[in-house]
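Please keep the sequence and the model in view while working through the numbered points.

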Amino acid sequence: MQPVKNILLTFDHEMFLGKKSGSIEKCMIDPVNSLRPLLTKHKAKGIFFVDILGLITFQKHNINPKGVADAKEQLQQLFKEGHYIFPHIHPHWRDSIVIKEKEFDLSNCTQYSLAKLNQEEIDQLFQTCLSFLKELDISYPAWGYRAGGWCMQPFSIYKDVFTKYNILYDFSVLPGYKNLDNNQKFDYTMIRKTSPYNFSQNVEVPDPHGSFVEFPISTMAYSEILILFDRILRKYHWKKNDRGFGDGLSASSAGLMYNPEKKEMLSVEKLNWVKLNAYKNFLKKNNFMHLISHPKMFTQHGLKSLDNFLSYAHKKFSIEYDPLKMLSPRK
Ligand SMILES: [Zn+2]
């Protein structure tokens with residue numbers, strides 16, 4: 001019997017959250033349609049955290065109704081194919097403005113974190129976003145969640161809505177990282193956990209008796225030489241015009257994030273031939289590996305590298321992709 005390894009493939013299925021949202025087609029539909037055959041090929045289960053407030057905002061202003069309809073259909077297909085579809089809320093969509101017939105400007109980031117809203121507004125947002133999915137016949141006995149911009153602190157603002165809407169699984173914590181931007185505050189530098197843990201009052205404080213489960217995102221440090229080769233390869237792909245699917249611009253505050261230990265999150269958009277061996281070694285050494293990826297930033301070489309990595313994983317190990325099954329391991 002091959003040893004079991006747990007791989008979480010999570011995707012922030014979203015628009016760009018800055019000056020230009022980009023189009024639904026280029027940021028959501030096209031890259032995810034390129035990913036789907038890969039997931040099917042490897043019998044992999046993906047977890048899609050959907051930027052629901054974005055789709056609702058397009059809908060509300062009647063911007064790109066065809067794109068919204070296609071996105072809804074895609075979510076239903078993903079659900080039928082066995083992938084998880086969970087909410088991912090970026091509250092600053094509420095302050096966005098229409099710039100073109102297909103796009104929004106989200107440069108007003110004063111309400112980037114849910115911590116800037118009151119309890120009633122937070123409850124309303126969760127209710128609206130979960131209803132959006134339920135209307136598409138997407139529903140679960142217990143939900144998972146990833147906070148927009150990793151802003152999961154303080155957990156006290158989430159606790160009531162998590163309990164009310166039965167959200168038990170969180171995927172927001174990025175150990176070792178912090179962001180001190182006033183609108184996007186979080187500090188996970190004290191978190192040492194690299195596999196799922198229970199918590200009750202705070203995401204940063206494990207509690208074996210807590211009813212919530214945190215699935216921390218995996219990170220890794222690279223040698224200076226690898227970082228150099230990575231930079232050269234990235235330049236090469238850029239020159240070859242493999243620049244990614246998305247056509248928008250990220251929020252400026254996202255750039256203020258840093259991690260003192262200089263680790264990098266594991267991700268399809270960061271994976272390439274230079275890092276492939278490091279990813280394989282990570283899997284050899286660890287039983288839990290959580291990749292966080294953004295389809296809007298996918299490149300052809302990133303997708304090919306993922307294909308290669310998953311082929312390797314299946315050759316060497318028995319892979320579990322379902323987070324719920326990771327909590328009650330197979331016999
Ligand atoms: Zn996001």
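Which residue with a positive phi follows α6? The points below begin with that question.

1. The residue is asparagine 241, which follows α6 and has a positive phi, near 75°. Please bear in mind throughout that the model is a predicted one.

2. Helix α6 itself covers residues 224-239. At 1.5 Å a residue, its 16 residues should span 22 Å, and the end C-alpha atoms are 23 Å apart, which agrees with that expectation.

3. Strand β3 (residues 84-89) presents another case of burial to examine. Here 6 of the 6 residues are buried, so the strand is largely enclosed by the rest of the structure. In a regular strand, side chains alternate between the two faces of the sheet. In β3, Tyr84, Phe86 and His88 point one way, while Ile85, Pro87 and Ile89 point the other way, and all are buried.

4. The pairing of β3 should be read next. Strand β2 (residues 46-50) runs parallel to β3 and is joined to it by 4 bridges. One detail of this pairing is that valine 50 has proline 87 in β3 as its bridge partner. Strand β3 also runs parallel to strand β6 (residues 143-147), with 2 bridges joining them; the bridge partner of isoleucine 89 is alanine 147 in β6.

5. Phenylalanine 79 lies in helix α3 (residues 65-80). Is this residue buried, partly exposed or exposed? Phenylalanine 79 has 18 C-beta neighbours inside 10 Å; because a buried residue needs 20 or more and an exposed one has 12 or fewer, it counts as partly exposed. Leaving aside neighbours within four places in sequence, phenylalanine 79 is in contact with Ile85 and Ile138. Of these, Ile85 is one of the buried residues of β3. Phenylalanine 79 and glycine 46 are 33 residues apart in sequence, yet their C-alpha atoms are 9.8 Å apart in space.

6. Two packed helices are described by the angle and the distance between their axes. The axes of helix α4 (residues 119-134) and helix α5 (residues 156-164) come within 10 Å and cross at roughly 45°. That angle makes α4 oblique to α5, and the crossing is right-handed. The residues that meet are Gln119, Ile122, Asp123 and Phe126 in α4 and Ile157, Asp160 and Val161 in α5.

7. Strands of a sheet pair through backbone hydrogen bonds, either parallel or antiparallel. An open sheet of 3 strands shows antiparallel pairing, in the order β9-β8-β13. Its edge strands are β9 (186-187) and β13 (257-258), each of which pairs on one side only. Strand β8 (residues 178-179) pairs with β9 over 2 bridges, and lysine 178 has aspartate 187 in β9 as its bridge partner.

8. A hairpin remains to be noted. How many residues join β4 to β5? The hairpin passes from β4 to β5 through 2 residues. Strand β4 (residues 97-100) and strand β5 (residues 103-105) run antiparallel and are joined by 3 bridges. Lysine 100 has glutamate 103 in β5 as its bridge partner.

Note on methods: Residues numbered from 1 in each chain as written. Predicted model: local features only at pLDDT ≥ 70, side-chain atom pairs only at ≥ 80, totals over all residues. Contact = placed C-beta atoms within 7 Å. Pairing = 2+ DSSP bridges. Expected span 1.5 Å × (residues − 1). Axes fitted to C-alpha atoms, helices over the stretch in contact; angles between N-to-C directions. Parallel < 35°, antiparallel > 145°, perpendicular 65-115°, else oblique. Left-handed = near helix turned anticlockwise from the far one by under 90°.
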